[in-house]
Amino acid sequence: MIVAKKKRRNRESAGMRFLRKLVNTGLFLLVVLGITYLVVNYVTNRTLVHGSSMEATLSDGDSIMMDKLSYRFQEPERFDIVSFPYNDPAHPYLIKRIIGLPGETIQIMNGKIYINQEVLQESYGLEVIQSGGLADQPVTLGADEYFVMGDNRNDSVDSRFAEVGNVRKQDITGRAWLQVWPFNDFGLVRNK
């Protein structure tokens, strides 16, 4: 009789162990799905580079992970690569580099960028700029506006053109931080 009770307890404890493992696995999967949802929707998103406007830093077809969280705690900085909405269904987001910061005056003269009447010292977009567009005349940025340009200055639709114009901080959807495709270029994106 004692042996029968022990067997029944062992069967019950085996069933309880299985149920406990099942509940634990379910909870673990629920937590993983919840964290994944939060990361995908509030921390990062993948953006595809269209065209050659950011060459040689980024190329057509590159897949970039954008950091959507950091600008909630800090202001965008000069030379950050950012994404923002664009009114073209084929290319809903543009990826450009911040050149001008709020309150600054930008002008393009003689193929060079001037910020507050001083030549911008940079290591991107080193070719002579053929068109200053709107920045042929001084462009003064508002308190929440940024002037953005592609690194391939002569093949970029950016703040020099009315269809893009100055980009407001609230329209910036993220900062480039990780290149994930192609695999041979996998790594952190050079923002500075």
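How do strand 9 and strand 10 pair, and over how many bridges? They pair in the antiparallel sense, over two bridges. This is a predicted model, so local features need pLDDT of at least 70, side-chain atom pairs count only at pLDDT 80 or more, and totals for chains, interfaces and linings use all residues. Residues are numbered from 1 along each chain as its sequence is written, and side-chain values use heavy atoms, leaving out hydrogens and water.

- Strands (E, at least two residues) are DSSP runs, numbered from the N terminus.
- Two strands pair if DSSP finds at least two bridges between them.
- Strand 9 covers residues 145-149, and four of its five residues are buried, so it is largely enclosed by the rest of the structure. Buried means under 20% relative accessible area, exposed over 50%, and partly exposed in between (1.4 Å probe, protein chains only).
- Strand 10 spans residues 167-168. Its Val167 is the bridge partner of Tyr146.
- Strand 4 is joined to strand 9 by three bridges, and these two strands run antiparallel. Arg97 stands opposite Met149 in strand 9.

- Four strands form an open sheet in the order 7-6-5-8, with antiparallel pairing.
- Strand 7 (118-119) and strand 8 (139-140) are the edge strands, each pairing on one side only.
- Strand 6 (residues 112-115) is joined to strand 7 by two bridges. Here Ile115 stands opposite Glu118.

**Pockets**

- Rolling a probe the size of a water molecule over the atoms shows where empty space is left.
- A pocket is found on a 1 Å grid over the protein atoms alone, with a 1.4 Å probe; it is an open set of points with protein on both sides within 12 Å along at least five of seven lines. Lining residues have an atom within 4 Å of a point.
- The largest pocket holds about 260 Å³ of space. A volume is the space filled by probe spheres set on the grid points, which are joined across faces, edges and corners.
- Its lining has 17 residues, and His50, Gly51, Ser53, Leu94 and Lys96 lie nearest the centre. Strand 4 (residues 93-100) gives the most to this lining, with four residues.
- The second largest pocket holds about 190 Å³. It is lined by 13 residues, with Gly111, Lys112, Leu120, Glu122 and Gly125 nearest its centre.

**Salt bridges**

- Side chains of opposite charge can pair when their charged atoms come close.
- A salt bridge is a side-chain nitrogen of Lys or Arg within 4 Å of a carboxyl oxygen of Asp or Glu. By this rule there are seven.
- One of them joins Arg175 to Asp67, with the closest N and O atoms 3.8 Å apart. Arg175 is in strand 11 (residues 174-181) and Asp67 in strand 2, 108 residues apart. Both are buried.
- Arg78 and Glu104 form another, at 2.6 Å between the closest N and O atoms. Arg78 lies in the loop between strand 2 and strand 3 and Glu104 in the loop between strand 4 and strand 5 (105-109), so the pair ties together parts that are 26 residues apart in sequence.
- Asp171 forms a salt bridge with Arg168, with 3.2 Å between the closest N and O atoms. Asp171 is partly exposed, at 27% relative accessible area, and Arg168 is partly exposed at 36%.
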